[in-house]
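Please read the following note with the sequence and the model open.

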Amino acid sequence: MFKQSLVLFAVVAAVAYAVPSIPNPSQYYMSGTFSIPYFNIVEPIELIYDGVNNRQYISYYNGMDITLNLFEQNISYSIGPQVNTLICQTIPGNGSLITVLPPIPSEWSFNGTSTVNGIDVFSYTQKVVNYGKAAYYTFYVNSDGTPVQFYLNGVDFIFDSHPDVYILDFTTWTTDISQYGSIWEVPALCNNAEEATHAQFDQFEEIFGHIDSSNKKMDSSFDQFKKQFGKTYENTLEHNTRFATYKQMLHRVATHNAHNSESTYKLAMNHFGDMSDEEFRKFIIPHVDRDENNGASEVHDNEDVSALPASLDWRTSGCVTPVKDQGVCGSCWTFGSLASLETVACLKHNKDLISLSEQELVDCAYVGQSMGCNGGFASNAYQYIMNAGGIATESDYPYLMQNAYCKASTVQNSGVRVQSYVNVTAFSEAALQNAVATVGVVAVAIDASAPDFRYYSSGVYYSTVCQSGLDYLDHEVAVLGYGTDNGQQYWIVKNSWSTYYGNEGIVWMAMNRDNNCGIASQATYPIAV
Ligand SMILES: *[C@@H]1O[C@H](CO)[C@@H](O)[C@H](O)[C@H]1NC(C)=O
Ligand SMILES: *[C@@H]1O[C@H](CO)[C@@H](O)[C@H](O)[C@H]1NC(C)=O
Ligand SMILES: *[C@@H]1O[C@H](CO)[C@@H](O)[C@H](O)[C@H]1NC(C)=O
Ligand SMILES: *[C@@H]1O[C@H](CO)[C@@H](O)[C@H](O)[C@H]1NC(C)=O
């Protein structure tokens with residue numbers, strides 16, 4: 001009985017009105033108004049879409065700005081005012097036509113009837129998720145299928161900071177564009193037009209060009225990221241939070257690369273892409289209080305650089321181990337200090353390179369303020385190895401990425417021992433250069449908290465944000481040498497953030513630019529027995 005009445009109801013509903021479908025013509029003309037309520041913008045719009053001939057015309061503000069995409073001729077024209085003259089610029093190449101209709105109607109669902117602009121309408125919606133926010137696009141047509149309004153809410157393609165609402169009201173609509181033939185003639189203004197030097201901003205391309213593809217693009221980009229870096233998440237909540245962070249970080253990387261053409265370095269997405277700034281500070285570069293005296297026996301204060309080679313890379317000596325990975329554990333101090341000891345010991349005895357155990361330091365070297373995965377100092381690492389009479393090899397005492405019980409007494413000693421350790425004159429890049437050139441790899445502490453540092457990819461890293469004062473140093477790394485790129489001097493710095501970071505794990509940091517990021521503020525090296 002119940003089932004029967006449902007069927008009956010469905011039949012009655014179908015008889016009551018025929019639902020018009022979303023138009024999907026290959027050619028159309030529309031005019032109307034485009035509104036962005038947040039900015040009180042209401043602009044007249046005219047658009048001719050010609051999918052048959054792969055071309056289109058868009059006029060903003062009654063022809064004040066015109067976009068003419070003639071992709072069948074492999075060219076676009078952008079006409080608009082510059083100060084007080086109208087100019088035309090050409091943009092060579094092909095592209096995709098922008099439509100202001102739902103591009104894939106089958107992915108939209110019918111959502112009932114209502115009234116828009118005084119017209120009885122039928123609505124279709126599509127769910128979109130952007131920057132972690134769900135929103136709906138709604139497209140309204142009248143009873144004969146003529147578009148009435150396209151309402152976009154929470155698109156957030158252009159502005160990150162406020163809810164975006166864009167409304168396109170259709171006032172004229174036809175699928176017969178034959179009367180607009182003359183529109184395709186290139187305006188005289190464009191004869192001998194210059195090629196655009198910058199990418200041309202087109203509102204509609206930014207807003208409508210993303211519909212239907214943006215979700216999928218972001219999803220597949222995040223899928224790719226998860227696959228590449230072997231990411232798995234506990235549950236949907238964590239997944240969604242990580243995804244939101246990922247999009248933010250991707251934005252950070254893309255923004256730096258797009259807007260800093262003068263910058264000497266590039267950023268790239270890497271395995272830190274799903275980690276918030278707070279997590280990064282807490283787990284990767286934790287702050288540790290400074291010991292009053294670090295126990296160094298002497299100071300390397302030779303600042304003479306006149307006889308040193310112009311460039312140098314200890315990796316060519318065969319005495320540098322491959323880049324390692326501290327993972328999610330604030331153990332940088334064990335990696336930076338051992339990178340120096342490995343090379344110094346190898347050079348001293350001219351024998352095999354031995355990779356040493358960071359985990360032994362994490363587990364056992366509770367010297368001074370150092371405390372395993374919660375951070376520490378290179379000087380404490382050397383102090384521990386002096387006291388312990390040596391340190392195990394990496395393979396005998398492998399890395400666990402967490403605080404564990406100290407197993408030093410049951411694991412074999414590598415034979416590498418530390419006699420004492422040396423401060424390099426604080427804040428002196430000249431003394432650091434002298435030490436690197438005459439001693440070998442040197443452990444240095446830097447301020448790694450600048451938001452872009454963790455996504456460094458190539459070039460010479462220089463930051464106006466990082467600090468060089470002792471209290472700002474939060475990350476231990478090792479200087480392997482130095483060089484010059486396009487007139488920019490740099491330190492070759494071995495990081496411990498895996499080979500996914502930077503250039504196969506290496507970052508070039510600005511040299512002789514006022515001790516940038518504190519590279520020479522707290523440099524130390526051990527003297528091997
Ligand atoms: C532009 O791209 C479209 C679609 O990919 C293609 O059909 C067309 O031939 C291209 N036009 C030119 C001039 O390369
Ligand atoms: C289209 O223009 C681009 C950019 O100028 C050019 O590289 C490409 O060869 C052109 N293609 C055709 C089919 O003319
Ligand atoms: C469908 O329409 C109703 C009423 O107008 C609205 O509250 C709801 O959010 C719409 N659903 C979608 C998926 O847009
Ligand atoms: C080495 O530098 C530390 C600060 O990093 C300082 O506390 C210590 O006194 C210095 N040691 C010597 C021998 O100058």
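1. Counted along the chain, the bonded cysteines of the protein pair in the pattern 1-2, 3-5, 4-7, 6-8, 9-10. The structure contains five disulfides, a disulfide being a pair of cysteine sulfur atoms within 2.5 Å. This is a predicted model, in which local features need pLDDT of at least 70 and side-chain atom pairs count only at pLDDT 80 or more, while totals for chains, interfaces and linings use all residues; side-chain values use heavy atoms, with hydrogens and water left out. Residues are numbered from 1 along each chain as its sequence is written, and chains are lettered from A and ligands numbered from 1 in the order in which they are written.

2. One of the disulfides connects Cys-88 with Cys-190, with an S to S distance of 2.0 Å. Its two ends belong to distant parts of the chain, 102 residues apart: Cys-88 is in strand 6 (residues 85-92), and Cys-190 is in the loop between strand 11 (165-174) and strand 12 (194-195). Helices (H or I, at least four residues) and strands (E, at least two) are DSSP runs, numbered from the N terminus. The torsion about the S-S bond of Cys-88 and Cys-190 is about 100°, and the disulfide is therefore right-handed. Are these two cysteines buried or exposed? Cys-88 is buried, at a relative accessible area of 8%, and Cys-190 is buried as well, at 5% relative accessibility. Here buried means under 20% relative accessible area, exposed means over 50%, and partly exposed lies in between (1.4 Å probe, protein chains only).

3. The sulfur atoms of Cys-364 and Cys-406 are 2.0 Å apart and form another disulfide. Cys-364 lies in helix 7 (residues 358-364) and Cys-406 in the loop between helix 8 (378-388) and strand 16 (418-424), so this pair ties together parts that are 42 residues apart in sequence. The link of Cys-364 and Cys-406 is right-handed, with 100° about the S-S bond. Cys-364 counts as buried, at 15% relative accessibility, whereas Cys-406 is partly exposed, with a relative accessible area of 42%.

4. A disulfide is also formed by Cys-466 and Cys-517, whose sulfur atoms are 2.1 Å apart. This link is left-handed, with -85° about the S-S bond. It joins distant parts of the chain, 51 residues apart: Cys-466 is in the loop between strand 18 (456-461) and strand 19 (475-485), and Cys-517 is in the loop between strand 21 (506-510) and strand 22 (524-528). Both Cys-466 and Cys-517 are buried.

5. Cys-332 takes part in no disulfide; the nearest cysteine sulfur belongs to Cys-329 and is 9.0 Å away. Cys-332 is buried, with a relative accessible area of 5%.

6. Why is helix 9 (residues 429-438) described as largely enclosed by the rest of the structure? Eight of the ten residues of helix 9 are buried, and the helix is therefore largely enclosed. Among the buried residues are Glu-429, Gln-433 and Asn-434, as well as Leu-432 and Val-436. Just after helix 9, Gly-440 adopts a positive phi of about 135°.

7. For residues 222-280, an unreviewed UniProt entry lists "domain: Cathepsin propeptide inhibitor". UniProt positions are given in the numbering used here, feature names are shortened, and annotations may be inferred rather than shown by experiment. In the model, residues 222-280 are 59% helix and 5% strand, and the end C-alpha atoms of the span lie 19 Å apart.

8. Gln-149 belongs to strand 10 (residues 147-153) and is buried, with a relative accessible area of 9%. The side chains of Gln-149 and Asp-169 are joined by a polar contact of 2.8 Å.

9. The residues around ligand 4 are Glu-292, Asn-293, Asn-294, Ala-296, Val-299 and Asn-423. A polar side-chain atom of Asn-423 is 2.3 Å from an oxygen atom of ligand 4. Taken alone, ligand 4 exposes 360 Å², of which the protein buries 63%.

10. Around ligand 3 are Asn-111, Thr-125 and Tyr-136. An N or O atom in the side chain of Asn-111 lies 2.4 Å from an oxygen atom of ligand 3. On its own, ligand 3 has 360 Å² of accessible area, and the protein covers 38% of it.

Methods
A residue is near a molecule or strand if one of its heavy atoms lies within 4 Å of it. A polar contact is a pair of N or O atoms within 3.5 Å; within protein, one must be able to donate a hydrogen and the other to accept it, and residues adjacent in sequence count only if both atoms are side-chain atoms. Accessible areas come from the Shrake-Rupley method with a 1.4 Å probe; for residues, only the protein chains shown count as cover.
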